[in-house]
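Here is my note for someone opening this one for the first time. Have a look at the sequence and the fold, then walk through the points below.

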Amino acid sequence: MINIVVFASGSGSNAENIIRYFNYGPSASVDNPIRVAAVFCNRSDAPVIERSRRLEVPVEIFNKSDLESGRVAQMAASYGAQALILAGFLMKIPASLIEAYPQAIINIHPALLPKYGGKGMYGHHVHEAVVAAGEKESGITIHLADNLYDHGRILFQARCEVLPCDTPLDVAAKIHILEMENFPEVIDGYLSKLLG
């Protein structure tokens with residue numbers, strides 16, 4: 001069994017998609033040992049909490065000091081976590097956690113890195129910047145996390161067209177489709193090779 005912990009800060013659509021894929025979907029079989037063991041969240045009011053509980057996945061709430069002190073790493077270890085998935089998680093991952101999970105922390109970013117990455121570049125901020133710059137395309141980047149925001153080895157990118165008439169909301173909708181279609185499968189393929 002490969003246990004993963006999903007980290008999320010917001011609505012949790014990506015987290016729910018990952019849980020459904022590994023714990024309930026066609027991949028939830030004896031042939032695929034990957035399971036979401038828990039969801040970790042740094043906001044007690046985040047919708048991801050209710051989404052996860054509805055799917056019978058335990059939720060742990062933590063704060064910045066828990067993350068920096070190593071308590072979160074201990075919590076992840078208590079669930080037997082072998083990899084961490086960042087699904088709309090907005091806090092910087094400390095070096096201690098990166099060292100505890102070398103090459104096993106996967107993040108998704110709603111743009112084609114290295115463009116539109118870095119501190120403060122998340123969600124609607126990214127889509128607004130893409131539209132303001134007149135970009136003709138955007139997309140998603142799934143990458144390994146390191147000690148810098150939106151940095152680390154790229155595992156996968158998918159693109160979508162940005163039309164001149166597109167608003168940031170239009171771009172967000174296109175990005176959401178790419179996330180739902182690709183994130184669980186990329187996690188599956190990478191972790192199966194790394195830990196299988």
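1. A word on accessibility before anything else: buried means under 20% relative accessible area, exposed means over 50%, and partly exposed is in between (1.4 Å probe, protein chains only). With that in hand, glutamate 68 is exposed, at a relative accessible area of 52%. Its place is in helix α3. From glutamate 68 to methionine 121 the C-alpha distance is 22 Å, and the two are 53 residues apart in sequence.

2. Some ground rules. This is a predicted model, where local features need pLDDT of at least 70 and side-chain atom pairs count only at pLDDT 80 or more, while totals for chains, interfaces and linings use all residues. Residues are numbered from 1 along each chain as its sequence is written, and side-chain values use heavy atoms, with hydrogens and water left out.

3. Now the overall layout. The protein chain has seven helices and seven strands, where helices (H or I, at least four residues) and strands (E, at least two) are DSSP runs numbered from the N terminus. Read from that end, the order is β-α-β-α-β-α-α-β-α-β-α-β-β-α. The radius of gyration is 16 Å, close to the 16 Å of the globule rule for 196 residues, so the protein chain is as compact as a globular protein of that length. (That radius is taken over C-alpha atoms, and the rule is 2.2 Å times the number of residues to the power 0.38.) Along the principal axes, the C-alpha atoms fill a box of roughly 50 × 40 × 30 Å.

4. How much of the protein chain is buried? Of its 196 residues, 49% are. Contact means heavy atoms within 4.5 Å, and among contacts with a separation of 6 or more, 65% are between residues 24 or more positions apart. The exposed surface comes to about 9,300 Å², with carbon and sulfur atoms supplying 53% of it; these areas come from the Shrake-Rupley method with a 1.4 Å probe, and for residues only the protein chains shown count as cover.

5. Which residues of helix α2 (residues 47-54) are buried? They are Val48, Ile49 and Ser52. Just after α2, glutamate 56 takes a positive phi of about 60 degrees.

6. Next, the loop between β5 (105-109) and α6 (123-132), which is where tyrosine 116 sits. Proline 114 lies in the loop between β5 and α6 too, and the peptide bond from leucine 113 to proline 114 is cis, with omega near 15 degrees. Tyrosine 116 has a phi near 60 degrees, a positive value in a residue other than glycine. Leaving out residues up to four places away in sequence, tyrosine 116 touches residues including His109, Met121, Val126 and Glu135.

7. Aspartate 150 also deserves a click. It is found in the loop between β6 (137-144) and β7 (154-161), and its phi is near 50 degrees, a positive value in a residue other than glycine. Is aspartate 150 buried or exposed? Aspartate 150 is buried, with a relative accessible area of 18%.

8. Last stop: alanine 87, in the loop between β4 and α5. Alanine 87 is buried, with a relative accessible area of 5%. Not counting residues up to four places away in sequence, its contacts include Val6, Phe7, Ile108 and Phe183. Alanine 87 and valine 39 are 48 residues apart in sequence, and their C-alpha atoms are 10.0 Å apart in space.
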